[in-house]
Amino acid sequence: MSSADTIAAVASAPGRGAIGVVRLSGDGVARIATALLGALPSPRHATLATFRDADGLSLDVGIALYFPAPHSFTGEDVLELQGHGGPVVLDLVVRRLLELGCRAARPGEFSQRAFLNGKLDIVQAEAVADLIGAASTAAARAAVRSLQGEFSARIGALQAQLTALRVRLEAAIDFPDEQIDSDADAETGASLVRLQDEIAAVRASAERGVRLVEGITVVIAGKPNAGKSSLLNRLAGEELAIVTEVPGTTRDLLRHQVLEGGIPLHLVDTAGLRAATDAIEAEGVRRARAAIAQADRVLYLVDTAAHVPLDEDALTAELGGLAPGVPLTIVLNKIDLVAGRAFAEPGAQPPRIALSAKTGAGVELLRAHLRTLAGDFTTEAAAPTARRRHLAALERARAHLEAGVAAHLAGGAVELVAEEARLTQRALSEITGEFSSDDLLGEIFANFCIGK
Ligand SMILES: Nc1nc2c(ncn2[C@@H]2O[C@H](COP(=O)(O)OP(=O)(O)OP(=O)(O)O)[C@@H](O)[C@H]2O)c(=O)[nH]1
Ligand SMILES: [Mg+2]
C-alpha cells in the first residue's frame, strides 16, 4: 500500500545535538530525494550527501539512507537524513522538504502508516511509545517485550481458540438436524472454560503491565499531627510539605513521585482525618477520603506517642471509618518518643511497620515493604507492557465469554453461545487493532511524538 501524501518531520529530540534526524515517508520520496541530494541514494546504503536548497546552495552535509517500499518502517518509500543536530539547520532542511511537496507529519503518523501497512499491530505501535516514555528500566524492558510481539501473540492465541470454537458452533447452527451429541457439547463446555481461564491470566498479566508503566499510588493518611507530611518529606528526600506541630497543617493533596525498585510510586500526602473546623479543612478532608478510596495502598499513620499503650480496639474503629476494602499498611510513627524499636510485620493483617519519620529509623523497612508491594504487580519477569485500553477490552471479552458460558450451561440456543463467542473475539481484536474505529486509532496515534 502506498500513500500519495509524502510526510516529513524531525525525528530526533528538539534542541541541539550532535546529529539531527529528518524522516520522510510516501510516494514522493524518490523524486524529493533526487531534488534535495542531486541523486537518489542506493537503497539501504549510508550515502554521504549534500542537502541543497532551490538555488543549489548547501543547507547541510550528512548521511542519507533510502529504504524503498515495502522494506521500511512504514512500508512506504522512506528517506532518512542524518544531518547536524541544530534546531535552525534542521528547520531549514524541513522547510526545503515542504517546498518540494512534503507535508509536515502529524504526531505518530509514521507509526500509523506502519500500522496501516501491516508492519506493526496497535499493541506494538503503543509499545514504541511506551519504550520512548519508559520511566524505569523495568518499564523499558517490558515495552520491548510488547514491541517484539509477546502480548500480541497471547491475544492471537486466544483468537485462534475462539475461531476453532466458533467454527464448531456455526456447524451446529448450520446442520441443526444432526443431533448434537453429548461429546461435542462437553467439548464446547471445556473450550469455554479454558478460554475463561486464559483470558483471566492475560488480564492479570496486562494489569501488571499497566502498573509497570503507571506505577502505584500510595496515599499517606491518618489523624492530624500523626506525621504524614514528615513521612512524605522523608520518602521524597526533600522538604516538600509544611510540617508544624499544629494539627491540621496540611489542607490540600500534595503529590510527589519517587522510583522504588524501578517502579514509579505516586506518593500523596493528605489532610488529617477529623471533623473539620472550617470549610477549607472540610474540603481537604473530603479530598483525602477521595484519594484513599482510589489508592493502591494506604499508609495509615498512627502517632504512637499519643497512644501509649496502643489501643487496638480504638485503632480498629478508626480504620473502620475508611473506605471499605482499601489496601492498608499501618505505620506506627514517632517511635523515638516512646523509646520504641523499629520493626516490620509485613505478614500481619494489615501489615505493620514501626518507624520514626523524624529520625529516619525504620524508614528503610517501609521502603522495602513498598518495593515488595510494587513488585507484587510486576514479579512476573515476563510481563509485557499494557495499557488501560487493553484492560478495558479484556474486560469486555471476559464479560461476553461469561455470558456465553451461562447460555451454554443453561442449555440455551447454540446461536446465543455463538453470538457471545463472536463478541468476545471482536473485543479482543480491538486490542491488536484489526477491529478498531478510526476515532480510536486517531486518539492512540495522536499521543505519539512527532517524527515517530
Ligand atoms: N518526635 C517525632 N516527632 C515527629 C515525628 N513525625 C512527625 N513529628 C512531629 O509531629 C508534628 C506533626 O508532623 P506533621 O508531619 O506535620 O504531621 P501531619 O500528619 O502531616 O499533620 P497534619 O498535616 O496537621 O494532618 C511535627 O511537629 C513533627 O515534627 C516523629 O517520628 N518523631
Ligand atoms: Mg501534614
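## Around ligand 1

The shell of residues around ligand 1 divides into 7 nonpolar, 11 polar and 5 charged. Keep in mind as you explore that this is a predicted model. Of the 23 residues around the ligand, Gly-227, Ser-229, Thr-250, Gly-272 and Lys-358 come nearest. Helix H8, residues 228–236, supplies the largest share of this shell, with 3 residues.

## A sheet of six strands

Now turn to the open sheet, where 6 strands follow the order S3-S4-S5-S2-S1-S6 with mixed pairing. Its edge strands are S3 (47–52) and S6, each of which pairs on one side only. Strands of a sheet pair through backbone hydrogen bonds, either parallel or antiparallel.

With S2 (residues 17–25), S1 pairs in the antiparallel sense over 4 bridges, and here Ile-7 stands opposite Ser-25. These two strands form a hairpin with 6 residues between them, and Gly-15 in the turn has a positive phi of about 105 degrees. With S6 (residues 103–104), S1 runs parallel, joined by 2 bridges; Ala-8 has Ala-104 as its bridge partner there.

Elsewhere in the sheet, S4 (residues 58–67) and S5 (residues 78–85) are antiparallel partners over 5 bridges. Look for Ile-63, which stands opposite Gln-82 in S5. Helix H2 (residues 87–99) lies across S1, S2, S3, S4, S5 and S6, and runs at about 65 degrees to S4.

## Side chains and the core

In a regular strand the side chains alternate between the two faces of the sheet.

In soluble globular proteins, nonpolar side chains tend to be buried together. The largest nonpolar core in this model has 106 residues, and those touching the most other members are Ala-8, Val-22, Leu-24, Val-219, Ile-220 and Val-331. Helix H7 (residues 182–214) gives the most to this core, with 7 residues. What does Val-331 touch, not counting residues up to four places away in sequence? Its contacts are Leu-299, Tyr-300, Leu-301, Ile-353, Leu-355 and Leu-366.

## An exposed alanine

Is Ala-160 buried or exposed? This residue sits in helix H6 (residues 150–174). Ala-160 counts as exposed because it has 10 C-beta neighbours inside 10 Å, and the cut-off for exposed is 12 or fewer. Ala-160 and Val-123 are 37 residues apart in sequence, and their C-alpha atoms are 18 Å apart in space.

Key:
Residues are numbered from 1 along each chain as its sequence is written. Chains are lettered from A and ligands numbered from 1 in the order in which they are written. This is a predicted model: local features need pLDDT of at least 70, side-chain atom pairs count only at pLDDT 80 or more; totals for chains, interfaces and linings use all residues. Two strands pair if DSSP finds at least two bridges between them. A residue is buried if 20 or more other C-beta atoms lie within 10 Å of its own, exposed if 12 or fewer, and partly exposed in between; C-beta atoms are placed from the backbone. A nonpolar core is a set of buried Ala, Val, Leu, Ile, Met, Phe, Trp, Tyr and Cys residues joined through C-beta atoms within 7 Å. Two residues are in contact if their C-beta atoms, placed from the backbone, lie within 7 Å. A residue is near a molecule or strand if its C-beta atom, placed from the backbone, lies within 6 Å of it. Ala, Val, Leu, Ile, Met, Phe, Trp, Tyr, Cys and Pro count as nonpolar, Asp, Glu, Lys and Arg as charged, and the others, Gly among them, as polar. Axes are lines fitted to C-alpha atoms, for helices over the stretch in contact, and angles run from 0 to 180 degrees between N-to-C directions.
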